[in-house]
Amino acid sequence: MLINMKQMLEIAKKQGFAVGAYNISDNELFQTVVETAEENLSPAIIEVHPDELTFAKDDFFKYVVARLSNSNIPFVLHLDHGDSMISVLRAIRCGFTSVMIDGSLLPFEENLKITKEVVDICHLLGILVEGELGTIGSMGATMEEGVDGITYTDPKDAKHFVETTGVDTLAVAIGTAHGIYPKGFEPKLNMDVLKSITQEISIPLVLHGGSNNPDSEISEAVRLGISKVNISSDFKFAIYKKLREVLSTREGWDPNNIFPECMIEGKKVVKHKMVLFDSINKAEYYQKLTPWRQEFL
């Protein structure tokens, strides 16, 4: 069942669990997440970065929308880090039910302006919008750089941002970074910042850079109010680590013979995250919902 982000996260917030948002850019990654969700009766968010959308091509998402719509598990199809109105409209045309507009690197007033413009248009179409305030770090492509560029979300700014833009969810910066942390680096999330944010705003909060953080900190963040956790590097790393092993130890080139055991490794990671977020067996809470287009119309 394909639903929108409001339908997904209102229930998660009320019941005290979080929903994982897993980035995909091909069918193997997509199947890994969807099949794990179905096997564990867990709601899930299929998330796609604009670069991933460009790589996979628009027509691929006709299949994605059909597959999610025909499942008995609740899914959201979400644009991750939309960088312009063009990327947002492209995602909507492809059937996405939720979008993010990321103006976090812009000056505050410009972030407000672009976010509100996107909200005003998307709400007319029944599409939910995620904004971002504050910036998370980046580990770099080589996974050898330290956390760089973190600007913690200011709770008072968050309140003003939500009230002014009308965003439905807000990605907050509390100390995470995109990517896999290098050996020896121990991230530390600032839970005091998160607590202060939850005192100022009531909409569902999103944690970006959820991969490779200590389980104890992620579960604590969920307990304190995070309703959506973005996961990309962790499960992709597991899949492609196994793929390298397979390709280096045997002959073969048919995807149906190579990828299944790699996807099993990815499924282990996705299931671990679902256990961590306490979303296992939570699909039952969504049984009475109507698909998002029917609800909107």
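**Exercises on a helix, a core and ring pairs**

Leaving aside neighbours within four places in sequence, leucine 77 has contacts (heavy atoms within 4.5 Å) with Leu2, Ile46, Val48, Phe61, Val64, Val65, Leu68, Gly95, Phe96, Thr97 and Ser98. The model is predicted, so that local features need pLDDT of at least 70 and side-chain atom pairs count only at pLDDT 80 or more, while totals for chains, interfaces and linings use all residues. Residues are numbered from 1 along each chain as its sequence is written, and side-chain values use heavy atoms, with hydrogens and water left out.

**Exercise 1.** Identify which members of the largest nonpolar core touch the most other members.

*Solution.* Begin with the term: a nonpolar core is a set of buried Ala, Val, Leu, Ile, Met, Phe, Trp, Tyr and Cys residues joined through side-chain atoms within 4.5 Å, where buried means under 20% relative accessible area, exposed over 50% and partly exposed in between, with a 1.4 Å probe and protein chains only. Among the 75 residues of the largest core, Ile24, Phe61, Leu77, Val99, Leu170 and Phe235 touch the most other members. Helix α11 (residues 255-277) gives the most to this core, with nine residues; helices (H or I, at least four residues) and strands (E, at least two) are DSSP runs numbered from the N terminus.

**Exercise 2.** Determine how the buried residues of helix α7 are placed around its axis.

*Solution.* First list the buried residues of α7 (residues 155-165), which are Pro155, Ala158, Phe161, Val162 and Thr165. Because they cover an arc of only 115° around the axis, they lie on the same side of α7, the arc being that of the directions from the helix axis to the C-beta atoms. Next, turn to the other side of α7, where Lys156 and Glu163 are exposed. Finally, the packing partners of the buried residues are α6 (108-124), β5 (128-133), β7 (169-172) and α8 (191-200).

**Exercise 3.** Classify the ring pair of phenylalanine 61 and phenylalanine 96 and locate both residues.

*Solution.* Rings of Phe, Tyr and Trp (its six-membered ring) pair if their centres lie within 6.5 Å, with planes under 30 degrees apart counted as stacked, over 60 as edge-to-face and the rest as tilted. By this rule there are eight aromatic pairs. For phenylalanine 61 and phenylalanine 96, the centres are 5.4 Å apart with 50° between the planes, and the pair is tilted. Phenylalanine 61 belongs to helix α4 (residues 60-69), whereas phenylalanine 96 lies in the loop between α5 (85-93) and β4 (98-101), 35 residues apart. Both phenylalanine 61 and phenylalanine 96 are buried.
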